[in-house]
Amino acid sequence: MKTEMIKLPGDVPGNSIELRVLRFEGRDNKAVGAYLQSSLHGSELPGQAALHFLIPMLEKAEKEGRVAGTITVVPQANPIGSAQWQAHQHLGRFDYFSGVNFNRSFPLLETFDTAALPPIDAPKSLVERLKAQLLRLALPHEIVLDLHCDDESENYLYIHQAFLPEMYDLASALGSTAILSWDSTADAAFEEACAHPALQLSETERKARAVTTVEFRGLNDVDFETGRADAEGLYKFLVHRGVVIDDSVKLKVDFNGPVTPLENVEMIRAPQGGMILFHVDIGAEVEAGAKLVTVVTIPGDPNGDITLTAPQAGRILTRRGHRYTRRGDDLLKLLGSKRSENARPGSLEA
Ligand SMILES: [Zn+2]
């Protein structure tokens, strides 16, 4: 394993960030390569925990000559977001300077040629240069896994429709309970920027690829057991795709969870601000009309309670981690089987 520290100068004198990039050289130039990154939203750590346990497994494979495809791992993809604390709280989703989500507004390239991306020292903001650098690292690989997590959540994947059903192998390896399939979000998340040039390829070439955002459960699902199990899952997938050779590992492709287009996801939003009391937990299957969540707008007065019900039958995929909401904010995601009346173009969340 080679460790490379890529230094990006900051936007003002005296500041810089360092990206720690781990590289495993593949021995077989016909094998596909894989890129894995975590914590693009600074404090989303389940993926980082998985990589923490995966990296020693890859080092062992390398020592034994079993790394076939080139593997690049960036465990902390966003040193800017990782350092954003305010009043003792970590806030890693939006760039403090611009207010832009760190996982939006990536450059969309038509081909895998990255020459047009701004170099490390371009006259562009650090965030733009970081985004360009992450794309330069990822795009040479056929497999790109961007490891995120939700607030309180089941283990699920975002996958472009063009990579399905081939990518059921990843869902099987990771034990994902659902796939959210998309065809165009136009928000240019990292996944979209990595998928975009692949979508211009022939079907056969594209099918050998895998690009996804992994939502490894919720923010607090960070522990030894889960991290190790997720590392095993990632390893199994890499073996299945021929990136790593390991005869002792066999993957059974048995994913049978829902594959839900984004437009079928019911985003339940707060009609007013207040205290959140959930009626349902993640993983619950609910009927249309079932009580989902009550927003208490006047504590002590039940007349102020607003109870939101399921617009259609489905599965509760996620809940917000906090219990105090603003008007209009997301409260939970329900996986429906038909188009949501509130469906809107673009990503599900800001
Ligand atoms: Zn995220």
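## Antiparallel sheet

In this predicted model, four strands form an open sheet in the order E17-E16-E14-E19, with antiparallel pairing. Strands (E, at least two residues) and helices (H or I, at least four) are DSSP runs numbered from the N terminus, and two strands pair if DSSP finds at least two bridges between them. The edge strands are E17 (305-309) and E19 (324-325), each of which pairs on one side only. Strand E14 (residues 274-278) is joined to strand E16 (residues 291-296) by four bridges, and the two run antiparallel. Phe-278 has Val-293 as its bridge partner in E16.

Thr-325 belongs to strand E19. This residue counts as buried because its relative accessibility is 4%; buried means under 20% relative accessible area, exposed over 50%, and partly exposed in between, with a 1.4 Å probe and protein chains only. Apart from neighbours within four places in sequence, Thr-325 is in contact (heavy atoms within 4.5 Å) with Ala-270, Gln-272, Gly-273, Gly-274, Ile-276, Val-295 and Leu-331.

## Numbering and thresholds

Residues are numbered from 1 along each chain as its sequence is written. Local features need pLDDT of at least 70 and side-chain atom pairs count only at pLDDT 80 or more, while totals for chains, interfaces and linings use all residues; side-chain values use heavy atoms, with hydrogens and water left out.

## Strand E3 and its partners

Strand E3 (residues 34-38) is mostly covered, five of its five residues being buried. Ala-34, Leu-36 and Ser-38 point one way from E3, Tyr-35 and Gln-37 point the other way, and all are buried. Four bridges join E3 to strand E4 (residues 71-74), and these strands run parallel. Within E4, Ile-71 is the bridge partner of Ala-34. From E3 the chain crosses through helix H1 (residues 46-63) to E4 in a right-handed β-α-β crossover; right-handed means that, with the strands pointing away from the viewer, the path from the first strand over the helix to the second runs clockwise.

E3 is also joined to strand E7 (residues 143-150), by five bridges, and this pair runs parallel. Leu-145 in E7 is the bridge partner of Leu-36.

## Zinc site

The protein donors of the zinc ion are His-41 (ND1), Glu-44 (OE), Glu-44 (OE) and His-148 (ND1), at 2.1 to 2.6 Å from the ion. Donors are N, O and S atoms within 2.8 Å of the metal (3.2 Å for Na, K and Ca); water is not among the atoms, so sites may look incomplete. The angles among the four donor atoms are 54 to 148 degrees, and the site is irregular. Four donors count as tetrahedral if all angles lie between 85 and 135 degrees; four count as square planar and six as octahedral if opposite donors are over 155 degrees apart and all others between 65 and 115; anything else is irregular.

Along the chain, the donors follow the spacing H-x2-E-x103-H. His-41 lies in the loop between E3 and H1 and His-148 in strand E7, so the pair ties together parts 107 residues apart in sequence. His-41 counts as buried because its relative accessibility is 4%; for His-148, also counted as buried, the value is 2%.

## Nonpolar cores

A nonpolar core is a set of buried Ala, Val, Leu, Ile, Met, Phe, Trp, Tyr and Cys residues joined through side-chain atoms within 4.5 Å. The largest one has 83 residues, of which Phe-190 and Leu-234 touch the most other members. Helix H3 (residues 126-138) supplies the largest share of this core, eight residues. Beyond four places in sequence, the contacts of Phe-190 include Tyr-35, Gln-37, Leu-134, Leu-135 and Val-144. A second, separate core of 15 residues includes Ile-268, Ala-310, Ile-316 and Leu-331.

Lys-131 is also found in helix H3, and at 6% relative accessibility Lys-131 counts as buried. Not counting residues up to four places away, Lys-131 touches Val-100, Asn-101, Phe-102, Arg-104, Ser-105 and Phe-106.

## Backbone features

Leu-164 and Pro-165 are joined by a cis peptide bond with omega of about 5 degrees. Pro-165 lies in the loop between strand E9 (155-160) and helix H4 (168-174).

Ala-87 is not a glycine, yet has a positive phi of about 45 degrees. Ala-87 sits in the loop between strand E5 (85-86) and strand E6 (89-90) and is exposed, with a relative accessible area of 66%. Ala-188, likewise not a glycine, has a positive phi of about 55 degrees. The loop that holds Ala-188 runs between strand E10 (178-182) and helix H5 (190-198), and Ala-188 is buried at 8% relative accessible area.
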